[in-house]
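Biologist: Could you take me through one part of this model up close, the sheet and the helices around it? I'd be glad of the cut-offs behind each term as you go.

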Amino acid sequence: MRQGRYRGVFTETECMRGYAAALEQGMLAYGLPLSIYSDRHTIFRSPKELTDDEILSGTELPLSNFGKALYELGIKQITAHSPQAKGRIERLWNTFQDRLIAELRFSSITNIADANKMIAEGFISDYNRRFAVLPHEDGSACMPFDRSIDLGLVFSIRDTRRAGGGNTISYKGEIYTPEDEKSPVFVRGRILEVRETFDGAVYVIQNGMPVLMKKVFRAQKAIDVGVKKKAGVVSPHKPASDHPWRGGFKIKPAIYNNTQTGRG
């Protein structure tokens, strides 16, 4: 996604990853937008209540993972309350649903990879050349973008965990520890921010710095795979006809000699 000046992307479903990819394309082409106007989908607005930290920081709306990424980048987030409030983009979707579908069918494109390639190689440029309208005012509504920023870490799944013993955290049923043994030690019991990137890498943010984590492989208990028989009722055993027990049990009197008794 970091090559070219793409301004569109297909994904399997409407998801944070797709919006992050589209926004990254725009930032690399034009810079950081001053604000983003969106609907109230849970990708943009969290259904959860504001946390104390968010209230103290002046946050007006509960932030989703995407919203936290925008806040970190300094992009203002504006949410619309109806489709009519953002009519220009809704009209654009209607045009795309008509024209773009026809273009894909005409080019015999039936998969996402080929569709993204078609967009990158000329569809958006051709569309803008034919239908774009010049703005009434010159100038850009974007700020310079620092390309050293790791957008993979900015647009990530965020959560919190409590530091455990041995410089570890528990995340999604696994135990993690820093990849680099020289990394700072986590204070046991402290709440840490955990970020998981789209490619599955897990980081802990400590003092504003990302610490790459790795899984700790725990030794598993040995399992006896043999078949164990359940204890049951012991069947009675009938001794053979010549078994000593069948002759009875008789105590014979002891016979002592004189030497044993001490009598001479």
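Modeller: I169 has its bridge partner in β7, namely Y176. That link belongs to an antiparallel pairing of β6 with β7 (residues 174–178), made over 3 bridges; two strands pair if DSSP finds at least two bridges between them. Helices (H or I, at least four residues) and strands (E, at least two) are DSSP runs, numbered from the N terminus. Before going further, note that this is a predicted model, where local features need pLDDT of at least 70 and side-chain atom pairs count only at pLDDT 80 or more, while totals for chains, interfaces and linings use all residues. Residues are numbered from 1 along each chain as its sequence is written, and side-chain values use heavy atoms, with hydrogens and water left out.

Stepping out to the whole sheet, 6 strands make an open, antiparallel arrangement in the order β5-β8-β9-β10-β7-β6. The edges are β5 (157–162) and β6 (169–171); each has a single partner strand, so one side of each has no neighbour in the sheet. On average, neighbouring strands here are turned by 40° against each other, direction ignored. Helix α3 (residues 65–73) packs on this sheet, where it touches β5 and β8 (191–196), and its direction makes about 95° with that of β5. Contact means heavy atoms within 4.5 Å; axes are lines fitted to C-alpha atoms, for helices over the stretch in contact, and angles run from 0 to 180 degrees between N-to-C directions.

Now for a helix pair. The axes of α4 (residues 87–106) and α5 (residues 112–131) come within 12 Å and cross at roughly 125°. The two are therefore oblique to each other (angles under 35 degrees count as roughly parallel, over 145 as roughly antiparallel, 65 to 115 as roughly perpendicular and the rest as oblique). Their contact involves, among others, L92, F96 and L104 of α4, and A115, M118 and F123 of α5. By type, the contact residues divide into 10 nonpolar, 1 polar and 3 charged, with Ala, Val, Leu, Ile, Met, Phe, Trp, Tyr, Cys and Pro counted as nonpolar, Asp, Glu, Lys and Arg as charged, and the others, Gly among them, as polar.

A115, in helix α5, is buried, with a relative accessible area of 4% (buried is under 20%, exposed over 50%, partly exposed in between, with a 1.4 Å probe and protein chains only). Not counting residues up to four places away in sequence, A115 touches F10, L104 and I109.
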